[in-house]
Each structure stands twice: as structure tokens, then as C-alpha cells.
Amino acid sequence: VEPVTAPTDSAAVSGLTSNLSTLELQRVIDDNPQDVAEYGLTQPRIEVTFKAAGKEQRLQIGRKTPAATDLYAKIADQKRVFLIPSFVDTTFNKTTFDLRDKTVLKIERDKIDTVSITSPKRVLQFTKADGEWKMALPVKGRADFTSVDGLVSRLSTLQTKSIVAPQATALGEYGLDKPATTIQLGSGSSQATLLLGKSAGEGVVYAKDQSRPAIITIESTLADDASKDTGEYRQKDLFDGRAFNATRLEVTRGGQTSTFEKTKTKNKEGQDEEKWKQTAPAAKDVDQSTVDNLISAITAARATSFVEGAAKTGLDKPDLSITFTSDEGKRVEKVSFARSGADGYASRDGEPGAAKVDVATIDNIVKSLDGIR
């Protein structure tokens with residue numbers, strides 16, 4: 001409440017109260033000193049005034065002992081000088097800023113369901129549904145959950161490094177009249193907006209919560225994360241399905257389609273077991289390890305980057321198309337692969353554009369398909 005009205009850093013204030021309640025003197029230096037100047041207590045370096053059980057008390061702290069292991073201290077209305085541990089100096093010697101709540105955005109992390117990052121060059125937008133992040137802009141598709149969720153975590157725990165101006169006036173001075181980046185977090189109908197401006201020195205940038213008057217600084221790493229290429233936030237795995245939940249596989253190459261399905265059979269002991277069988281172009285038993293190798297090669301396929309514009313990818317006539325069914329038929333994914341010159345490309349049904357892949361990825365899938373026994 002003084003010198004400003006502001007929320008407190010609950011951990012810092014709790015540190016004050018808990019240390020006061022457990023503080024013990026190490027030993028008494030002088031019960032009746034003639035002069036407390038030698039202890040730095042004529043004008044105490046720190047004075048903590050507190051009220052407990054209706055009684056107000058003042059703890060006065062002077063200088064450190066020559067060995068710097070303790071602090072000279074006294075109670076204001078008592079004469080005796082005593083020692084207290086020096087480690088409490090960092091607890092009580094706090095600035096106004098130290099004791100203020102430094103959380104930048106007031107929004108519950110677990111309830112955030114939209115993220116929008118706007119810069120002069122582009123708009124990035126993500127939405128969350130059923131626990132999964134999706135990219136809504138500039139393209140619709142899967143998002144890299146770890147990257148987006150990591151960004152949300154950093155935003156929800158973002159701390160103020162300094163308060164530059166309690167009341168914003170000349171926003172242009174800080175680059176906040178035309179922000180370099182605007183970040184919006186949505187939680188249902190509520191929204192929090194953070195404006196990022198000019199550099200404020202090494203490692204920090206000017207920033208402002210749009211709903212509050214103060215201009216602050218924050219770590220510039222957030223600005224770096226917000227300016228990452230769109231592809232950094234897209235899902236790189238071309239398939240979400242995995243070997244353990246795969247149920248059907250269809251691979252088309254050179255005009256021929258090979259289909260494999262997982263079936264349940266009884267082993268010699270009469271126990272249920274799952275086995276892969278080929279159903280097309282002809283029904284036959286197959287060696288399980290060779291099908292496992294094919295699935296491993298398919299699920300290992302990852303984008304190295306994403307292609308924008310009308311690049312020559314060869315995907316109009318793909319070398320290879322794979323339909324991967326998993327989760328008992330609930331998830332069906334189709335990805336096509338092609339070579340163009342020395343480069344490899346892939347496209348996923350339902351997602352725009354193309355992904356660049358290592359040619360070795362395509363080669364491994366083809367080799368594994370040829371290796372089916």
C-alpha cells in the first residue's frame with residue numbers, strides 16, 4: 001500500500017513474515033550500550049515495522065559483523081544489541097520492486113485456448129481443442145504441441161524485469177505506439193494482450209500489458225520466440241499414428257497398392273495375439289518383423305521445413321502414397337511423397353502446402369516395403 005498500491009509478490013512477503021516469526025538472536029552483544037553507532041544502529045540500515053497480536057514492534061538492523069557471519073540488531077524500544085544471522089539480510093533488505101508482483105499477464109495458464117501473434121510481416125494464430133493445439137493462421141493444420149505449449153507457459157509465467165514508467169504517456173518513445181509484436185492470449189471470453197516494443201538494452205525489450213498503464217521491460221527471449229518462422233510451430237511428424245496403435249496400412253507405389261491389416265488370432269497356447277497380414281494385392285501371411293520395419297520407417301518420417309508458394313515438388317505425381325489407420329480406425333492419415341531433383345517432399349491430406357523431407361526418408365520407406373516377406 002506504500003509507496004504505491006500494487007499486488008505483492010506473495011512469496012517475497014511470506015519470506016518476510018516467516019523469517020520474522022522464526023527469527024532467533026545468536027547472542028547478546030551489549031545489554032546497555034552507551035552508543036549504538038559502532039553497530040550501525042544510530043540510523044539503522046534496515047528497519048522492519050510489524051504488528052502482531054495488536055502490538056506494533058520495530059526490528060532495527062545495522063551493519064554486518066567483521067566476519068560478515070551475523071548482523072547487529074535491536075528492538076526499537078529496547079536497549080540491548082544482539083546478533084541475528086546474516087542470511088536474513090537478503091530477506092529484509094528488499095526494494096519496492098522486489099516486493100511487487102512481477103507477473104506480466106493475469107490469465108490462468110490451464111484455461112488458455114487461443115494464442116495470436118501479430119507482427120508487421122504476419123499473423124500466427126493457434127487454437128486448442130480436446131487438449132491439442134492447432135494452427136489456424138497463416139495456414140490451418142497441426143501445430144507442434146511442445147513449441148506452442150512452451151510459448152504459453154513462458155507467457156503465463158512471464159516476469160517483469162523493471163518498471164520504466166508507472167503511467168504510460170509517450171508510447172512512441174518505447175516503440176509501443178506501433179508494436180513490433182502483439183501477443184494475445186484468450187481464455188473463453190476473456191483476453192490478455194501484450195505489446196512488445198523496442199530493445200531496452202542487452203537482453204530486454206520494452207513491453208506493456210494493454211489493460212494496465214505501466215511500461216515495463218521483459219526478457220528479449222520472448223520476442224525472439226514470437227518472431228520464429230511459422231514452420232517452427234508446425235508439427236514436424238508427418239504421421240500421428242504409431243506402431244502400437246496402428247491397425248491398417250495402405251501403400252501405393254508405381255500404380256500398385258499393397259495393403260496390410262492387423263488381425264487377432266490364437267497362438268499355440270490358445271491366447272489372443274495380434275498379427276499383420278497382407279490383404280492386397282493378394283492375401284497372404286507376412287513376416288511380422290518386416291512389417292514392423294515398414295511401420296517404423298513410416299512413423300519416423302518428419303518434415304525438415306515447409307514449402308511456401310508454388311515450388312516444384314513433384315507431388316502432382318507422387319512416387320509413394322501411404323494411408324495409415326490407427327486407434328481402431330478412428331484416425332486415418334494419408335501422406336504422399338515425391339522426389340524433385342535432389343530434394344524430397346511430402347504432402348498430408350487436409351493440410352495446405354508441402355513439407356520438405358530428407359530423400360533418405362523416402363528411400364527407407366521404399367526399402368522397407370521391398371523387404372516385406
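This is a predicted model: local features need pLDDT of at least 70, side-chain atom pairs count only at pLDDT 80 or more; totals for chains, interfaces and linings use all residues.
Asp285 falls into another class: at 58% relative accessibility, Asp285 counts as exposed.

Let us stay in this part of the chain for a moment. Glu273 lies in strand 17, which covers residues 272-280. Glu273 is partly exposed, with a relative accessible area of 29%. Once neighbours within four places in sequence are set aside, Glu273 is in contact with Thr263, Lys264, Thr265 and Asn267. For a sense of scale, take Val164: Glu273 and Val164 are 109 residues apart in sequence, and their C-alpha atoms are 67 Å apart in space.

Now back to salt bridges, of which the structure holds 29. One of them joins Lys102 to Asp9, where the closest N and O atoms are 3.7 Å apart. This pair links distant parts of the chain, 93 residues apart: Lys102 sits in the loop between helix 3 (96-99) and strand 6 (114-118), while Asp9 belongs to the segment before helix 1 (10-22). Lys102 counts as buried, because its relative accessibility is 12% and the cut-off for buried is under 20%.

Another salt bridge brings together the side chains of Arg339 and Asp319, at 3.4 Å from N to O. Arg339 lies in strand 21 (residues 331-340) and Asp319 in the loop between strand 19 (305-307) and strand 20 (320-326), so this pair ties together parts that are 20 residues apart in sequence. Arg339 is partly exposed, with a relative accessible area of 34%, and Asp319 counts as partly exposed at 31% relative accessibility. Elsewhere, salt bridges that share partners join Arg142, Arg234, Asp240, Glu333, Arg348 and Glu351 into one network.

Five strands form an open sheet in the order 1-5-4-3-2, with antiparallel pairing. Strand 1 (27-30) and strand 2 (46-52) stand at the edges with a single partner strand each, so one side of each is left without a neighbour in the sheet. On average, neighbouring strands of this sheet are turned by 35° against each other, direction ignored. Within the sheet, strand 4 (residues 70-75) and strand 5 (residues 81-85) pair in the antiparallel sense over four bridges. To find the pairing on screen, look for Tyr72, whose bridge partner in strand 5 is Leu83.

Finally, have a look at a pair of helices. Two packed helices are described by the angle between their axes and the distance between the axes. For helix 6 (residues 288-299) and helix 7 (residues 359-370), the axes come within 8 Å and cross at roughly 165°. Helix 6 and helix 7 are therefore roughly antiparallel to each other, since angles over 145 degrees fall into that class. The crossing of helix 6 and helix 7 is left-handed. Where they meet, helix 6 contributes Thr290, Asn293, Leu294, Ala297 and Ile298, and helix 7 contributes Asn364, Ile365, Ser368 and Leu369.

Methods:
Residues are numbered from 1 along each chain as its sequence is written. Side-chain values use heavy atoms; hydrogens and water are left out. Helices (H or I, at least four residues) and strands (E, at least two) are DSSP runs, numbered from the N terminus. Buried means under 20% relative accessible area, exposed over 50%, partly exposed in between (1.4 Å probe, protein chains only). Contact means heavy atoms within 4.5 Å. Two strands pair if DSSP finds at least two bridges between them. Axes are lines fitted to C-alpha atoms, for helices over the stretch in contact, and angles run from 0 to 180 degrees between N-to-C directions. A salt bridge is a side-chain nitrogen of Lys or Arg within 4 Å of a carboxyl oxygen of Asp or Glu. Angles under 35 degrees count as roughly parallel, over 145 as roughly antiparallel, 65 to 115 as roughly perpendicular and the rest as oblique. A crossing is left-handed if the near helix is turned anticlockwise from the far one by less than a right angle, and right-handed if clockwise.
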